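Please keep the sequence and the coordinates at hand while reading.

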Amino acid sequence: MKKLPPIEKIYEAWTALADNRVKMNDGYADVSSSDGEKSYIVKFQGDTYSSDDNATYWQGYPGYPVIAVLMLQGKLPYDAEEAALWKNINWTALNKKYRNNYAKAVEEVGEERGIDLTKSSEAANRVMDTLSGLPIQIKRKI
């Protein structure tokens with residue numbers, strides 16, 4: 001993998017999983033956006049992944065839909081208790097509000113919900129550490 005995502009994409013993946021917005025199929029997954037306005041298709045074949053979400057397609061790093069799929073596949077650690085803390089968040093609106101300053105969006109949610117951001121950060125870092133070592137390729141299309 002050439003590029004790693006911002007760590008905040010882990011939080012968005014947790015939300016997608018906690019909200020049951022990831023539907024796995026044979027060779028692909030359908031992932032609904034946090035505001036319900038869009039649906040992303042994550043395709044996978046072996047260790048190659050593609051997705052039509054903006055981060056994966058345009059930035060070349062695994063966006064939250066790909067990260068969520070990797071968690072469901074058991075390739076990344078998934079902490080269901082941690083994910084539950086991040087349930088029902090409209091990341092689309094928050095990221096727009098903060099002009100894609102993802103850290104500010106996470107900080108707002110943490111403060112509003114009384115989430116221990118140190119603990120969440122440690123869990124997110126464990127995911128990132130594993131992600132950085134995965135022998136996967138991110139492509140625009142499979």
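The model is predicted, so to speak of local features requires pLDDT of at least 70, side-chain atom pairs count only at pLDDT 80 or more, and totals for chains, interfaces and linings use all residues. Residues are numbered from 1 along each chain as its sequence is written, and side-chain values use heavy atoms, with hydrogens and water left out.

Helix α1 spans residues 8-18, and eleven of its eleven residues are buried, so the helix is largely enclosed by the rest of the structure. Buried denotes under 20% relative accessible area, exposed over 50%, and partly exposed in between, with a 1.4 Å probe and protein chains only. Helices (H or I, at least four residues) and strands (E, at least two) are DSSP runs, numbered from the N terminus. Among the buried residues of α1 are Glu8, Tyr11, Trp14 and Ala18. They pack against β1 (22-24), α3 (64-72), α4 (80-85), α5 (91-97), α6 (102-113) and α7 (117-133). Just after α1, asparagine 20 adopts a positive phi of about 55 degrees.

The axes of α1 and α3 come within 8 Å and cross at roughly 65 degrees; axes are lines fitted to C-alpha atoms, for helices over the stretch in contact, and angles run from 0 to 180 degrees between N-to-C directions. On the α1 side the contact (heavy atoms within 4.5 Å) involves residues including Ile10, Ala13 and Leu17, and on the α3 side residues including Ile67, Ala68 and Met71. By class, the residues of this contact are ten nonpolar, no polar and two charged. Here Ala, Val, Leu, Ile, Met, Phe, Trp, Tyr, Cys and Pro count as nonpolar, Asp, Glu, Lys and Arg as charged, and the others, Gly among them, as polar.

Which residues lie closest to the centre of the largest pocket? This pocket holds about 500 Å³ of space, and of its 22 lining residues the closest to the centre are Lys9, Tyr40, Asn54, Thr92 and Asn95. A pocket is an open set of points on a 1 Å grid over the protein atoms alone, where a 1.4 Å probe fits, with protein on both sides within 12 Å along at least five of seven lines; lining residues have an atom within 4 Å of a point. The volume is the space filled by probe spheres set on the points, which are joined across faces, edges and corners. Two or more lining residues come from each of α1, α2 (54-59) and α5. The lining comprises seven nonpolar, seven polar and eight charged residues.

The second largest pocket has a volume of about 150 Å³. Its lining includes Met1, Thr56, Tyr57 and Arg140, and α2 and β5 (137-138) each supply at least two of the lining residues.
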